[in-house]
Amino acid sequence: MSTPQNVAVNGSRLWQSLMDMAQIGATPKGGVCRLALTDLDKQGRDLFVRWCEEAGCTVSVDRMGNIFARRPGRDDSLPPVIMGSHLDSQPTGGKYDGVYGVLAGLEVVRSLNDMNYVTEAPVEVAVWTNEEGSRFAPAMVSSGVFAGVFDLDYGLSRADLDGKTMGEELARIGYAGDREVGGRKVGAYFEAHIEQGPILEIEGKTIGVVTDCQGQRWYEITFTGQEAHAGPTPMVRRKDALLGAARVVDAVNRIGMKYGPLACATVGLMQIHPNSRNVIPGRVFFTVDFRHPDDGILAAMDGELRAEVERIAGGIGLETDFQQIWYYAPIKFDESCVAAVRKGVERTGHSFRDIVSGAGHDACYLSKVAPTAMVFIPCIDGISHNEVEETTPEWSTAGCEVLLHAVLDRANAMAEQVKAPA
Ligand SMILES: [Zn+2]
């Protein structure tokens, strides 16, 4: 069946749900503190489950506490089209990061109900446990277990700073479900999210069609030179580890600029030893964070960093300890799902541009087991992971309209694919 042109969502109902959810863990500055698997997270989950049941969905929970609210399709044996994101927040988080994708999914279900519209394939709304990685590291751990990136025991044994594990905390708040994590076919996955950067707002675009997710390489570097008195030691005899680090900071910036505008290159942490004003620094530990959507360019940046570090250390006489501690390959989202988002934008008439996600999302892991794409909406001044995080009801509605069209496209096309003669 074809997708009708006159489908609509109820933007004010979606906005009201966002505001209602933001009451749970609300902070005085207008943000949200709803850390994963706390009592407040349980309250947020309970509210979501109640809303889904009121919308006629069947709710199930898997062993990582991921929640799935299902609206049946005409052919309920087809793999579902899943929408979703997360309800947990940073300690000083905002009202929309994650929550928007979950509640936009719920609004799609509510809108389908309003229209009495039965999709060919079932539609589900998912809440992924502990996306933020703030209370339990790493981030996106439960969508990672769903996608087979981590095993279940690893996920359940992640512990917070007090030694409480995810498994214990899931049981305590009543969300240790009995459903197997993953291991089932997903027809498509769509995640709507605030951009968390400034590009859409600066360019006056309402929708970001997310084509890629940046790859990342994280490094830890230690330069060791020689501590010495800042007065009697002649300049030419110094082995200044901080001078070496400073030159690497400059080199990292040059590498980032060279591969712009898509490259990001950051030194964000540095520890100087002994950190005394009249001692030449003998040892400096610092980090480098490289990001780019093209794996080949990310590798070229890696090669240039290694060459620069060697050259700089050699010039000053420093010993080097160089470690790449994390590598996360770039992700290209599924062409048919990206096309479904683009078609949704065309049907709804919103302004848009293609965009690359600079942050990690549950969609990045889901893309390993399901055709996946994302829809971005702007957030004001590009600010996120902050209590002042803000978007507008108009942008929120627009993103949900595009999500609805993309979901209908995939949920109905799947039936056609299945029915089509071999
Ligand atoms: Zn998020």
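The model is predicted. An unreviewed UniProt entry gives residues 215–311 the feature "domain: Peptidase M20 dimerisation".

### Residue I280

I280 sits in strand β11, which covers residues 279–280. The relative accessible area of I280 is 4%, so I280 counts as buried, the cut-off being under 20%. Leaving aside neighbours within four places in sequence, I280 is in contact with Q226, E227, A228, H229, A230, T233, R238, K239 and D240. L242 is 38 residues from I280 along the chain, and the C-alpha atoms of the two are separated by 8.2 Å.

### Nonpolar cores

The largest nonpolar core has 97 residues. Those that touch the most other members are M21, F48, Y100, L103, F190 and V341. Helix α12, residues 393–419, supplies the largest share of this core, with 10 residues. Another core lies apart from it and has 24 residues, including A245, A251, I255 and A265.

| Core | Size | Some members |
|---|---|---|
| Largest nonpolar core | 97 residues | among them M21, F48, Y100, L103, F190 and V341 |
| Another core | 24 residues | among them A245, A251, I255 and A265 |

Which residues does F48 touch, not counting residues up to four places away in sequence? F48 touches M21, I67, A69, L87, V102, L103, V125 and V127. Two of these, M21 and L103, are also listed with F48 among the residues of the largest nonpolar core that touch the most other members.

Terms used:
Residues numbered from 1 in each chain as written. Predicted model: local features only at pLDDT ≥ 70, side-chain atom pairs only at ≥ 80, totals over all residues. Heavy atoms only, no water. Helix = DSSP H or I, 4+ residues; strand = E, 2+ residues; numbered from the N terminus. Buried < 20%, exposed > 50% of the residue type's maximum accessible area, 1.4 Å probe, protein only. Contact = heavy atoms within 4.5 Å. UniProt positions renumbered as here; feature names shortened; annotations may be inferred. Core = buried A, V, L, I, M, F, W, Y, C linked by side-chain atoms within 4.5 Å.
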